[in-house]
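Please read the following report alongside the sequence and the model. It takes up side-chain pairs, the sheet with its helices, and a metal site in turn.

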Amino acid sequence: MAPFTIRKFGDPVLRQRAAEVTAIDGKLAKLADDMLVTMYDEPGAGLAAPQVGVQKRLFVYDVGDGPRTIVNPQIVESDGEWAYDEGCLSIPGLSFELVRPNHVHLVGYDLDGNELSIEASELEGRCFQHELDHLDGILYIERLDEDQRKAALKAIRQMTFVPADAPAPGLPGLSLR
Ligand code: ZN
């Protein structure tokens, strides 16, 4: 059984900006381990701390090269365009094609406190942008065009993970009700 339950769309924790990590220690490494187990259990290619209810700026991912953790990530450069059918473990069962920059340059820290500088494109680059958005309280469906976003909200409204009495999430100008 996965150590965490993944927070789903409508949970306010997904809409808040996570705080910078101030100490890279054993506790943080344990958190990352538990996040990875949770991610593989789904399975997913990436998981950000707010998705397990922890308001810290880190995410874990594996796009085929093994598990990695990035602490206090920042995208310092991005260019190009790439269309990809994006989904999210917090909005299960749904995916929408979304165009984002293809190449990104990400900096941050690993769990030993070493500085990281990673140039990524396609799936890895997309993963970085998606997970970094989570740390800023942004869900990918907010980046869809208006028609796609309406379709996404309509589909979400019919999903079982949204309790009937949940408050309408505050997407600008839109409501689930
Ligand atoms: Zn996500």
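E20 counts as partly exposed, with a relative accessibility of 43%, where buried means under 20% relative accessible area, exposed over 50%, and partly exposed in between (1.4 Å probe, protein chains only). Its side chain meets that of R57 in a salt bridge (3.7 Å, N to O), a salt bridge being a side-chain nitrogen of Lys or Arg within 4 Å of a carboxyl oxygen of Asp or Glu. The pair links distant parts of the chain, since E20 lies in the segment before helix 1 and R57 in the loop between strand 1 and strand 2, 37 residues apart. R57, for its part, is buried, with a relative accessible area of 5%.

This is a predicted model, in which local features need pLDDT of at least 70 and side-chain atom pairs count only at pLDDT 80 or more, while totals for chains, interfaces and linings use all residues. Residues are numbered from 1 along each chain as its sequence is written, and side-chain values use heavy atoms, with hydrogens and water left out.

## The sheet and its helices

Five strands form an open sheet in the order 1-2-3-6-7, with antiparallel pairing; two strands pair if DSSP finds at least two bridges between them, and helices (H or I, at least four residues) and strands (E, at least two) are DSSP runs numbered from the N terminus. The edge strands, each of which pairs on one side only, are strand 1 (46–48) and strand 7 (115–120). From one strand to the next the twist averages 40 degrees. Strand 3 (residues 68–79) and strand 6 (residues 103–109) run antiparallel and are joined by six bridges, and I75 stands opposite L106 in strand 6.

Helix 1 (residues 26–41) lies across strand 1, strand 2 (58–61) and strand 3, running at about 45 degrees to strand 2. Contact here means heavy atoms within 4.5 Å, and axes are lines fitted to C-alpha atoms, for helices over the stretch in contact, with angles from 0 to 180 degrees between N-to-C directions. Helix 2 (residues 122–135) lies across strand 1, strand 2, strand 3, strand 6 and strand 7, at about 150 degrees to strand 2.

## The zinc site

The zinc ion is coordinated at 2.0 to 2.2 Å by C88 (SG), H130 (NE2) and H134 (NE2). Donors are N, O and S atoms within 2.8 Å of the metal (3.2 Å for Na, K and Ca), and water is not among the atoms, so sites may look incomplete. Along the chain the donors of the zinc ion follow the spacing C-x41-H-x3-H. Because H130 and H134 are four residues apart in helix 2, they are separated by about one helical turn; both H130 and H134 are buried.

## Further salt bridges

The count comes to 12 salt bridges. Within helix 1, K30 and D34 lie four residues apart, about one turn of the helix, and their side chains meet in a salt bridge (2.8 Å, N to O). K30 counts as partly exposed at 48% relative accessibility, whereas D34 is buried, with a relative accessible area of 17%.

D133 forms a salt bridge with R143, the closest N and O atoms being 2.6 Å apart. D133 lies in helix 2 and R143 in the loop between helix 2 and helix 3 (146–157), so the pair ties together parts that are 10 residues apart in sequence. D133 counts as buried at 7% relative accessibility, and R143 as partly exposed at 42%. Both residues belong to a network of salt bridges that links E86, R100, R126, D133 and R143.
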